[in-house]
Amino acid sequence: MNYSKIKNNLKGPIFPIITPFKGAPSYEVDYDAACEYVDFLYDKGVRNFYIMTYNSRFSLLSWDEMKKLNEVVTRRIKDKPEDCISIVADPLTNPTSVSVDFAKHAEDCGADILSMIFMERYYSDDQVFNHFNTVAQNSNIGILIHEQKLPSKTGGDVLYPLDLLDRIADIDNVIAIKEDSKQPVFSEKIIERLGDRLNVIISGRGKRQFVHFHRMGCHAYLVGVGSFAPRVALDFYKACVDDDVQTAWGIINEIERPFLGAAMSCGWHPALKSAMDELGIMSRVERPPLVSISDSDHNELMKTLRQIQKSKYYRE
């Protein structure tokens with residue numbers, strides 16, 4: 001696999017695949033709608049797709065459903081005439097052997113990168129390193145480290161030790177890291193220490209962080225409102241690259257901040273899907289025990305959606 005080519009293309013806004021569900025009583029994964037969402041994004045200019053544990057609702061899926069989603073979406077992406085990157089994921093909680101299985105399956109499907117998340121309690125650096133290294137040694141697919149706070153053996157959470165991430169970054173297959181600590185000072189350390197070896201994808205208040213971090217060498221960010229307005233995300237990245245501060249901050253202040261403020265009070269993931277429903281992109285049905293936002297919250301959120309649509313920076 002040509003890791004250099006993948007890393008060269010893995011820049012700018014990264015678009016998560018939000019999993020659609022059919023209605024009651026089955027609440028089945030709607031794989032056709034997932035493919036239609038890929039088409040929607042691609043037609044707007046998106047080339048970097050990411051099946052991610054949280055946005056893609058892996059906490060609600062069986063392992064077989066996760067594999068099928070990884071496969072169906074990847075094959076749809078790879079059918080496109082222009083080169084696209086397909087990032088798929090392993091489960092939230094599982095033994096190392098299952099991550100190896102998911103890596104091999106992703107490779108067989110034609111995916112470019114497997115996003116791996118470590119959710120077991122942290123006991124030692126070797127414990128975490130060996131998990132990622134075992135998968136790397138038993139597959140030939142690029143690996144993205146979904147780095148967030150680790151559950152501590154004594155309770156609570158701890159940040160990844162930087163020396164541990166330094167070791168992981170030297171594994172040949174590891175080519176990217178999703179920095180999801182939501183700690184700006186720690187994010188800076190990640191970029192400074194790993195940015196010359198790994199593509200760094202910033203997450204959480206993506207645009208507000210990226211407008212600063214891209215100057216330090218951050219390569220990409222995970223989109224939020226770009227999920228339903230992808231051209232806004234693409235325009236923002238171009239503004240950052242072109243040093244067009246007015247456009248970049250115009251998008252942040254007139255689009256990202258208002259929607260984020262309204263959506264967080266309802267619950268970010270179902271609120272995002274609610275906006276997509278309103279725009280005819282995807283049903284806002286969720287699979288229990290996750291719930292859709294209430295009709296009253298939906299109506300209030302749509303007032304904010306209509307507000308941001310009036311911005312001169314808004315493009316779907």
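K273 is buried, with a relative accessible area of 0%, where buried denotes under 20% relative accessible area, exposed over 50% and partly exposed the range in between (1.4 Å probe, protein chains only). The model is predicted, so that local features require pLDDT of at least 70 and side-chain atom pairs count only at pLDDT 80 or more, while totals for chains, interfaces and linings use all residues. Residues are numbered from 1 along each chain as its sequence is written, and side-chain values use heavy atoms, with hydrogens and water left out.

K273 belongs to helix 11; helices (H or I, at least four residues) and strands (E, at least two) are DSSP runs numbered from the N terminus. With neighbours within four places in sequence set aside, the contacts of K273 comprise I18, T19, P20, F21, R57, M282, S283, R284, V285 and E286, contact being defined by heavy atoms within 4.5 Å.

Helix 11 (268-278) also contributes two or more residues to the lining of the largest pocket, as do helix 8 (206-213), strand 10 (220-222) and helix 10 (245-264). The space in this pocket amounts to about 440 Å³. On a 1 Å grid over the protein atoms alone, a pocket is an open set of points with protein on both sides within 12 Å along at least five of seven lines, whereas a cavity is a set where a 1.4 Å probe fits but cannot get out; lining residues have an atom within 4 Å of a point. Grid points are joined across faces, edges and corners, and the volume is the space filled by probe spheres set on the points. The lining of the largest pocket consists of 21 residues, of which K182, S203, G204, R205 and W268 are the closest to the centre. Helix 10 gives the most to this lining, with three residues. By class, the lining residues comprise nine nonpolar, six polar and six charged, with Ala, Val, Leu, Ile, Met, Phe, Trp, Tyr, Cys and Pro counted as nonpolar, Asp, Glu, Lys and Arg as charged, and the others, Gly among them, as polar.

In total, 25 salt bridges are present in the structure, each a side-chain nitrogen of Lys or Arg within 4 Å of a carboxyl oxygen of Asp or Glu. One of them pairs D39 with K80, with 2.5 Å between the closest N and O atoms. Because D39 lies in helix 2 (residues 31-43) and K80 in the loop between helix 3 (63-78) and strand 3 (85-89), this pair ties together parts 41 residues apart in sequence. Both D39 and K80 are buried.

A salt bridge also joins the side chains of R167 and D126 (2.9 Å, N to O). This pair links distant parts of the chain, 41 residues apart, with R167 in helix 6 (residues 162-169) and D126 in helix 5 (residues 125-137). R167 is partly exposed at 34% relative accessible area, and D126 is partly exposed at 43%.

Between R208 and E256, the closest N and O atoms of the salt bridge are 3.7 Å apart. R208 lies in helix 8 and E256 in helix 10, so the pair ties together parts 48 residues apart in sequence. R208 is partly exposed, with a relative accessible area of 22%, whereas E256 is buried at 8%.

Zero disulfides are found in a search of the whole structure, a disulfide being a pair of cysteine sulfur atoms within 2.5 Å. The closest cysteine sulfur to that of C218 is in C240, at 10 Å, which is too far for a bond. C218 is buried at 6% relative accessibility, and C240 is buried at 6%.
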